[in-house]
Amino acid sequence: AMNIDSYNRSAICASALDNGNIVKLTTRSATAGEGEVFTAVVPSTGNGLTDLWMVYSGDEIILTDSRYKGLDPDVRNFFTPASKVVSVFKPALGDIITMTADGFATGAGAGSAFANAIDTTGGFKLEWAATVGTSILSYKLIGTSYISLATGAIDSQRVVSYTLECVVL
């Protein structure tokens, strides 16, 4: 999506959003000054589990407690507050993403080879599954790794991350 503008949009949601959250874009915002901003809602069977977008805010600067991004090296603490504009992209087949466990509604259990957008407990998050989703956004697990966190202390920490490839839209 980096080189195709139509796969990148700005959205606003009544809920706080994390990077990696899945949203459904509805209409453009009616707020003055937000003519290019779309309203994002939680995907559901009521509004459709297809044509979904993923939150990716690499350029916003707000952190969980209103500090500037970059002051806290823990990627898990970054989110976009409710009613703030956030960047989203349209997933495409073959996209490869990396997410921490916080990005999923359910824990990765034995046999969890796919992460699907499912209208059950997930809300904005993908859910682990043993099988690929049909006719819904689905990612295949292609690797497990770690993201290192600089704590500023003598020790270092890391969190488990999952590398996924988009296999169904």
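Trainee: Which residues do ring pairs link into a cluster?
Mentor: Heads-up: this is a predicted model, where local features need pLDDT of at least 70, side-chain atom pairs count only at pLDDT 80 or more, and totals for chains, interfaces and linings use all residues. Residues are numbered from 1 along each chain as its sequence is written, and side-chain values use heavy atoms, leaving out hydrogens and water. Rings of Phe, Tyr and Trp (its six-membered ring) pair if their centres lie within 6.5 Å, and planes under 30 degrees apart count as stacked, over 60 as edge-to-face and the rest as tilted. The cluster linked by ring pairs is Phe-104, Trp-128 and Tyr-162.

Trainee: Is the pair of Phe-104 and Tyr-162 stacked or edge-to-face?
Mentor: A search of the whole structure turns up 3 aromatic pairs. For Phe-104 and Tyr-162, the ring centres are 5.7 Å apart and the planes sit at 90°, so call this pair edge-to-face.

Trainee: How many residues apart are Phe-104 and Tyr-162?
Mentor: Strands here are DSSP runs of E with at least two residues, and helices are runs of H or I with at least four, numbered from the N terminus. Phe-104 is in the loop between strand 6 and strand 7 (114-116), while Tyr-162 is in strand 10. The pair links distant parts of the chain, with a separation of 58 residues.

Trainee: Is Phe-104 buried or exposed?
Mentor: Buried means under 20% relative accessible area, exposed over 50%, and partly exposed in between (1.4 Å probe, protein chains only). Phe-104 has a relative accessible area of 5%, so it counts as buried.

Trainee: What is the bridge partner of Met-54 in strand 5?
Mentor: Two strands pair if DSSP finds at least two bridges between them. Strand 4 and strand 5 (residues 85-89) run antiparallel and share 2 bridges. On strand 5, Met-54 partners with Phe-89.

Trainee: Which residues point the other way from Leu-52 and Met-54 in strand 4?
Mentor: In a regular strand, side chains alternate between the two faces of the sheet. Leu-52 and Met-54 point one way, all four residues are buried, and pointing the other way are Trp-53 and Val-55.
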